[in-house]
Amino acid sequence: MSFNIDTIIYTLIITTIVMVIYLYMELRKKLQKPEYDTKTLLKCPKCGYQIEKNYELGEFIGMVKGKCSKCNTPMKIIAIYVVEKRQNPEKLKNT
Ligand SMILES: [Zn+2]
């Protein structure tokens, strides 16, 4: 027998360490990957009231959608854009 128990244990320890590092790196990669949200900006042509909401499939700039919560005039989509999702809840308080 060329194997001895020390070699096996040593190999197992090394393998475990490598796997833990690999998993840790994968987890970090996942956590750091920025996530994006598509937003639609609606504007009331009458009073200028603006509202931001989540983009829905089929929406386009210039489309008339929803009604102004202030004067009940149909609102128009004036912008569609992408924003980075905020993962820090502290930041949300300031906006
Ligand atoms: Zn309005």
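**Entry 1: the strand pairing I opened with**

I began with strand S1 and strand S4 (residues 74-84), which pair in the antiparallel sense over eight bridges. I noted that two strands pair if DSSP finds at least two bridges between them, and that helices (H or I, at least four residues) and strands (E, at least two) are DSSP runs, numbered from the N terminus.

Residues are numbered from 1 along each chain as its sequence is written.

**Entry 2: the chain and its confidence**

I looked up the overall plan and found two helices and four strands in the chain, which follow the pattern α-β-β-β-β-α when read along the sequence. For pLDDT (the predictor's confidence in each residue, from 0 to 100), the chain averages 88, and 86% of the residues score at least 70. Where is confidence lowest in the chain? I found the lowest value in helix H2 (residues 89-94), at a mean of 52, and the highest in S2, at 96. I keep in mind that where pLDDT is low, the predicted coordinates should not be read in detail.

**Entry 3: the sheet**

I then followed the order of the four strands, which form an open sheet as S2-S1-S4-S3 with antiparallel pairing. S2 and S3 stand at the edges, each with a single partner strand, so one side of each is left without a neighbour in the sheet. Neighbouring strands of this sheet are turned by 45° against each other on average, direction ignored; the axes behind such angles are lines fitted to C-alpha atoms, for helices over the stretch in contact, and angles run from 0 to 180 degrees between N-to-C directions.

S1 and S2 form a hairpin with six residues between them, and glycine 48 in the turn has a positive phi of about 80°. Is glycine 48 buried or exposed? I applied the cut-offs: a residue is buried if 20 or more other C-beta atoms lie within 10 Å of its own, exposed if 12 or fewer, and partly exposed in between, with C-beta atoms placed from the backbone. Glycine 48 has 10 other C-beta atoms within 10 Å, and therefore it is exposed. I also checked its distance to cysteine 68, which is 20 residues apart from glycine 48 in sequence and 9.3 Å apart in space, C-alpha to C-alpha.

**Entry 4: the hairpin of S3 and S4**

Strand S3 (residues 64-67) pairs with S4 in the antiparallel sense over two bridges, and one of the partners I looked up was proline 74 in S4, which faces lysine 67 as its bridge partner. Six residues lie between S3 and S4 in this hairpin. Asparagine 72, in the loop between S3 and S4, has a positive phi of about 65° although it is not a glycine. Asparagine 72 is exposed because 10 other C-beta atoms lie within 10 Å.

**Entry 5: helix H1 and burial**

Last, I turned to helix H1 (residues 5-32), whose 28 residues reach 41 Å from the first C-alpha to the last, close to the 40 Å expected at 1.5 Å a residue; the expected span is 1.5 Å times one less than the number of residues. How many buried residues does H1 have? The count is zero among its 28 residues, and H1 is hardly covered. In the chain, buried residues make up 4% of the 95 residues.

How values were computed. Predicted model: local features only at pLDDT ≥ 70, side-chain atom pairs only at ≥ 80, totals over all residues.
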